[in-house]
Amino acid sequence: VCWELMETTPRAAQRQEGWRQTILHLVSEAHPEAFRRMLKLIVEENLARFSSVVQAVDSWFSLSWASTAGKKVHDTIATAARLLEDGGQQQQALKDGDAEAAYLALWTMAFTDVAASVAPAEKLLKNPLTEMRYVAALHLSRLSLPAAAAARTKALDDPDLRVALTALNSAGEFDEVEITTTG
């Protein structure tokens, strides 16, 4: 009964954005299976056309969207739902060179096991594509784990300043970064 209520309420909300927004906020803090089911529902019912869904997705995945088209939101949710269900597709997304898919792959890995997402992100820091290194540094910067902090220090000398600054700006309580000068 609880699953049915969770799945029918966003559909039944119609134009009541506040109601839908409340449900979407709560599902992000619910059981992982509830979150998976909500992603599938959003895709199946094309709920990305509602602003509350766009806001929720932006919040869940920390995408910093200023505004975006419903199709983009729909495609992002569909990709995340697919990656949550299939670890093989997560691995493939990390190899394909699409930075957004790689970011979502790292996010979905962390959704299941945050510590397990550190090693793949660290490996991406060696990718020849700047965008891939950037999403790896960004992902590692959002994890409050000593292993993530240690991995992130490898991005401090990245040839692209955006990657290096992303790693540097996230320095936190677990970081032990030694800065030396030559002269």
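**Exercise 1. Overall fold**

What pattern does the protein follow when read along the sequence?

*Solution.* This is a predicted model, in which local features need pLDDT of at least 70 and side-chain atom pairs count only at pLDDT 80 or more, while totals for chains, interfaces and linings use all residues. Residues are numbered from 1 along each chain as its sequence is written, and side-chain values use heavy atoms, with hydrogens and water left out.

Step 1. Helices are DSSP runs of H or I with at least four residues, strands are runs of E with at least two, and both are numbered from the N terminus.
Step 2. The protein has 11 helices and 0 strands.
Step 3. Along the sequence the pattern is therefore α-α-α-α-α-α-α-α-α-α-α.

**Exercise 2. Burial and contacts**

State how much of the protein counts as buried, and describe its surface and contacts.

*Solution.* 
Step 1. Buried means under 20% relative accessible area, exposed means over 50%, and partly exposed lies in between (1.4 Å probe, protein chains only).
Step 2. Of the 183 residues, 44% count as buried.
Step 3. The accessible surface, from the Shrake-Rupley method with a 1.4 Å probe, comes to about 10,200 Å². Carbon and sulfur atoms hold 53% of this surface.
Step 4. A contact means heavy atoms within 4.5 Å. Among contacts with a separation of 6 or more, 56% join residues 24 or more positions apart.

**Exercise 3. Helix H4**

*Solution.* 
Step 1. The buried residues in H4 are Ser52, Val53, Val54, Ala56, Val57, Asp58, Trp60 and Phe61.
Step 2. Gln55 is also found in H4, but counts as partly exposed at 45% relative accessibility. The C-alpha atoms of Gln55 and Gln21 are separated by 8.2 Å, although these residues are 34 apart along the chain.
Step 3. Asn46 has a positive phi of about 50° and is not a glycine.
Step 4. Just after H4, Ser62 takes a positive phi of about 50°.

**Exercise 4. The nonpolar core**

Identify the residues that touch the most other members of the largest nonpolar core.

*Solution.* 
Step 1. A nonpolar core is a set of buried Ala, Val, Leu, Ile, Met, Phe, Trp, Tyr and Cys residues joined through side-chain atoms within 4.5 Å.
Step 2. The largest such core has 52 residues, of which Trp60 and Phe61 touch the most other members. Helix H7 (residues 99–112) gives the most to this core, with 9 residues.
Step 3. Leaving out residues up to four places away in sequence, Trp60 touches Leu24, Val27, Ser28, Phe35, Met38, Leu39, Ile42 and Trp107.

**Exercise 5. A loop residue**

Is Leu129 buried or partly exposed?

*Solution.* 
Step 1. Leu129 lies in the loop between H8 and helix H9 (130–141).
Step 2. With a relative accessible area of 37%, Leu129 is partly exposed.
Step 3. Leu129 and Gly97 are 32 residues apart along the chain, and their C-alpha atoms are separated by 7.4 Å.
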